[in-house]
Amino acid sequence: MDFIVANFAEILFYCLAVLTVAGGVGVLAFKSPVHAALSLLFSFVMVAALFLLRHAELLAAVQVLVYGGGIMVLFLFVIMLVNIKGLAPEEIYLSGIAPLAVVGGVLLGVLIAFGLVFGVLVSGHGDGTALRSVNGVEIGNTEAIGAVLYTKYLVPFEVVSVVLLVAMIGAIVFGRRSAGLDGAGGGGRT
Amino acid sequence: MIDATHYVVLSLILFCLGIIGVMMRRNFITVLMSLELMFNAVNLNLIAFSFRLSDLAGQVLAIFVITVAAAEAAIGLGLIIALVRLKDTVALDEADVMRG
């Protein structure tokens, strides 16, 4: 019991990490897209809990709301919209390329690992106080992010809103009935 | 003591799973899901380094990444609808109109 209390953060991290990876493996392994989507949702929620452990409370809430609430609903809607029964491929992996993909993915992972380990080695070490204070006063994570986001990062914030607008227009254009290749240059009226 | 190394290793595993999923899954929808997995790995990294460096820039950047991921999901799913209308399938190896 003492061991659990003394190492609570570590035990929590390892449990959440294993569950996150399990959810990720489920995305690759499940045959049905609905099962894969639910597995991904599980992984998202576990990542949100990991955010909490790193004092990113606002990000954890945003993760659950945007990923769990928005993106997953979008995925499930599309899965149900395209009538997956008649369209689902018999074979879930691309033939021939699957072993190559695993080897390539692992090699790329090793490459990234070198960069990241170097990053850990050269970076400093801090606690969470700077993540929840504005001008040295501890208020909260949301207030601190707001203070930085709307002053120092105001221009990127505006640019990202334009990106969202463009994405929205693009999604509408792709979703139109006679857009793209089967219509006359995307100018259909049906 | 859990430090940035643990988070880096975890995000690396998630990112590799995402890459492998993007390369070998045949269903367009699950390929997009693997892409979201990679976005999540990046966010995890940003948060871990934000904590380690005591700098909020990482968390702000993670918000931007989530925004772009949402935009990407909307576009990608629009593409799936367009593909289903055109070819009546979600299998990626049957989307070969431009192969020549």
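This is a predicted model: local features need pLDDT of at least 70, side-chain atom pairs count only at pLDDT 80 or more; totals for chains, interfaces and linings use all residues.
The buried residues of α2(A) are A:A17, A:T20, A:G23, A:G24, A:V27 and A:L28. Seen down the helix axis, these buried residues fall within an arc of 145°, so they line one face of α2(A). Their packing partners come from both chains: α3 (33-53) of chain A, and α1 (4-24) and α2 (28-53) of chain B.

The length of α2(A) can also be checked. Its 22 residues, 8-29, should span 32 Å at 1.5 Å a residue, and the end C-alpha atoms are 31 Å apart, which agrees.

Within chain A, the axes of α3(A) and helix α4 (residues 57-81) come within 8 Å and cross at roughly 175°. The two helices are therefore roughly antiparallel to each other. Among the residues of α3(A) that take part in this contact are A:L41, A:F44 and A:F51, while α4(A) contributes residues including A:Y67, A:M72 and A:F75.

Between the chains, 67 residues of chain B are in contact with 78 residues of chain A. On the chain B side, the elements that give two or more residues are α1, α2 and α3 (57-87). Of these, α3(B) gives the most, with 22 residues.

The table sets out both contacts by residue class.

| Contact | Nonpolar | Polar | Charged |
|---|---|---|---|
| α3(A) with α4(A) | 18 residues | two residues | one residue |

Definitions and conventions. Residues are numbered from 1 along each chain as its sequence is written. Chains are lettered from A and ligands numbered from 1 in the order in which they are written. Helices (H or I, at least four residues) and strands (E, at least two) are DSSP runs, numbered from the N terminus. The expected span of a helix is 1.5 Å times one less than its number of residues. A residue is buried if 20 or more other C-beta atoms lie within 10 Å of its own, exposed if 12 or fewer, and partly exposed in between; C-beta atoms are placed from the backbone. The arc is that of the directions from the helix axis to the C-beta atoms. Two residues are in contact if their C-beta atoms, placed from the backbone, lie within 7 Å. Axes are lines fitted to C-alpha atoms, for helices over the stretch in contact, and angles run from 0 to 180 degrees between N-to-C directions. Angles under 35 degrees count as roughly parallel, over 145 as roughly antiparallel, 65 to 115 as roughly perpendicular and the rest as oblique. Ala, Val, Leu, Ile, Met, Phe, Trp, Tyr, Cys and Pro count as nonpolar, Asp, Glu, Lys and Arg as charged, and the others, Gly among them, as polar.
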